Amino acid sequence: MGCDMQFEQTFMNFLLHHQEKHNRTYHFLILMDALMSAAKHIQCYYLTGALKGHLGFTDTINVQGEDVMQMDEIAHEITIHHLRTTGRVIHAVSEESEEIIPFNLDGGRYFVYFDPLDGSSNVCHGLPVGFLFGIAKRNLKGPEDYRLRAGKDYIAAGMFVIPTGTFTIAFRQAGTWRFNIDETMNYVRPVRMTLPEDTGTWELSFNSANRNTYAHKVQEWIDMNERKYAFRYLGALAGDFHRILGKGGMFMYPAIVNHPNPKKNRPDGKLRLMYEASVVAFMCKEAGGHAVDEKGAPILDIQPTNHHQRTALYVGSKPLVDDIARILKKSA
Ligand code: FDP
């Protein structure tokens with residue numbers, strides 16, 4: 001045959017083999033199929049959003065006190081629909097729902113924590129946003145207490161960068177993998193991600209407009225280190241972290257403690273622990289990196305007490321995160 005056809009391994013084929021190799025059940029496949037369907041659905045709405053008028057605001061304010069965008073609601077509804085159809089989800093936490101969403105409390109197998117559309121400042125421009133999720137499993141060895149899981153207890157975590165067609169997922173003790181969407185809307189070509197050791201490509205990513213509001217020791221660390229690395233900031237965690245995974249370096253959203261208007265301080269940081277910080281921390285760890293909070297403590301060890309709790313976040317190449325953790329652990 002003269003034709004020059006190329007075939008790529010799909011995510012689902014990759015996952016089937018992964019489950020088979022590790023002697024796992026098919027339940028996780030059903031859950032992942034639902035998340036893939038949700039992501040594709042959201043991707044379609046987002047791609048055509050500018051023409052159809054979906055990229056604006058609703059009249060509501062969410063639990064975080066932020067204006068809700070039309071796409072936030074659309075993405076949330078799509079994800080809830082697909083998760084419900086699986087019958088495998090015990091309960092879910094969504095950025096767009098004040099309460100924990102119960103599904104199949106007795107028969108479900110997984111807890112799903114997700115932000116269906118993260119990076120709202122990019123939405124009205126149609127620029128990259130993220131669909132982030134973390135998955136934990138029911139206690140199969142004894143009674144289930146339905147507690148919120150820490151990142152170290154996740155079995156998988158991932159993110160779709162929408163509408164760029166990239167999907168990254170990490171499995172516990174089985175690495176971080178990146179896929180790209182093809183013309184049939186399948187995510188294909190698994191590439192294992194490992195943070196590069198060569199500091200020559202490393203980048204720093206943070207909202208520089210906030211730098212004078214950080215703790216003084218963080219400001220000093222930035223002053224001493226920023227010229228060593230390229231600076232990039234997209235303003236959507238999934239997109240910024242996507243770059244760090246490929247290039248190395250560090251993304252940070254420190255606590256805001258020195259704002260000229262004290263009401264605007266955010267001593268607990270801005271990002272949400274369960275469906276933002278722990279998700280990227282989990283992917284980063286599986287790619288050889290690390291993530292800590294404002295005290296220099298590992299993000300993955302934080303036991304959530306509230307499903308919408310916030311945390312400061314420093315995530316990326318281990319030597320850089322270890323270096324700032326050393327500073328963060330020192331008293332002010
Ligand atoms: P956004 O508020 O635009 O939804 O989770 C919130 C988040 O985006 C992250 O995706 C992003 O990294 C960060 O906040 C951006 O915050 P700033 O606009 O303060 O830089």
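Tutor: Keep in mind that this is a predicted model. Take helix H6, residues 237-247: it is largely enclosed by the rest of the structure, because 8 of its 11 residues are buried.

Student: Which residues of H6 are the buried ones?
Tutor: They are Leu237, Ala238, Gly239, Asp240, Phe241, His242, Ile244 and Leu245.

Student: And what follows H6?
Tutor: Glycine 248 does, and its phi is positive, near 85 degrees.

Student: OK, new topic. Where does the ligand sit?
Tutor: The ligand sits in the largest pocket. Strand S13 (249-253) and strand S14 (271-272) are the elements that give two or more residues to the shell around it.

Student: How many residues surround the ligand, and which are the closest?
Tutor: There are 15 around it, and the closest are Asp118, Tyr233, Tyr253, Lys270 and Glu276.

Student: How do those shell residues divide up by type?
Tutor: You get 6 nonpolar, 5 polar and 4 charged residues in the shell around the ligand.

Student: What about aspartate 118, how far is it from an oxygen atom of the ligand?
Tutor: A polar side-chain atom of aspartate 118 is 2.6 Å from a ligand oxygen atom. For lysine 270, a polar side-chain atom also lies 2.6 Å from an oxygen atom of the ligand. With serine 121 it's a backbone N or O atom, 3.3 Å from a ligand oxygen.

Student: And how much of the ligand does the protein bury?
Tutor: The protein buries 86% of the 450 Å² that the ligand exposes when taken alone.

Student: Let's do loops. What lies in the loop between S13 and S14?
Tutor: Proline 260 is found there.

Student: Is proline 260 buried or exposed, and why?
Tutor: Proline 260 counts as exposed because its relative accessibility is 75%, and the cut-off for exposed is over 50%.

Student: How far is proline 260 from threonine 213?
Tutor: In sequence they are 47 residues apart, while in space their C-alpha atoms are 7.7 Å apart.

Student: What joins isoleucine 162 and proline 163?
Tutor: A cis peptide bond, with omega at about 5 degrees. Proline 163 lies in the loop between strand S7 (154-162) and strand S8 (166-171).

Student: Why does tyrosine 146 count as partly exposed?
Tutor: Because its relative accessibility is 31%, and partly exposed covers the range between the 20% cut-off for buried and the 50% cut-off for exposed.

Student: And glutamine 173, what is its phi?
Tutor: Glutamine 173 has a positive phi of about 55 degrees, although it isn't a glycine. You'll find glutamine 173 in the loop between S8 and strand S9 (176-181).

Student: Is glutamine 173 buried or exposed?
Tutor: Glutamine 173 counts as exposed, because its relative accessibility is 73%.

Technical notes:
Residues numbered from 1 in each chain as written. Predicted model: local features only at pLDDT ≥ 70, side-chain atom pairs only at ≥ 80, totals over all residues. Heavy atoms only, no water. Near = heavy atom within 4 Å. Polar contact = N/O pair within 3.5 Å; in protein donor to acceptor, adjacent residues only side chain to side chain. Areas by Shrake-Rupley, 256 points an atom, 1.4 Å probe, with all protein chains shown as cover. 1 Å grid on protein atoms, 1.4 Å probe; cavity = no way out; pocket = protein on both sides within 12 Å on 5 of 7 lines; lining within 4 Å. Sits in = over half its atoms within 2 Å of the grid points. Helix = DSSP H or I, 4+ residues; strand = E, 2+ residues; numbered from the N terminus. Nonpolar A, V, L, I, M, F, W, Y, C, P; charged D, E, K, R; others polar. Buried < 20%, exposed > 50% of the residue type's maximum accessible area, 1.4 Å probe, protein only.
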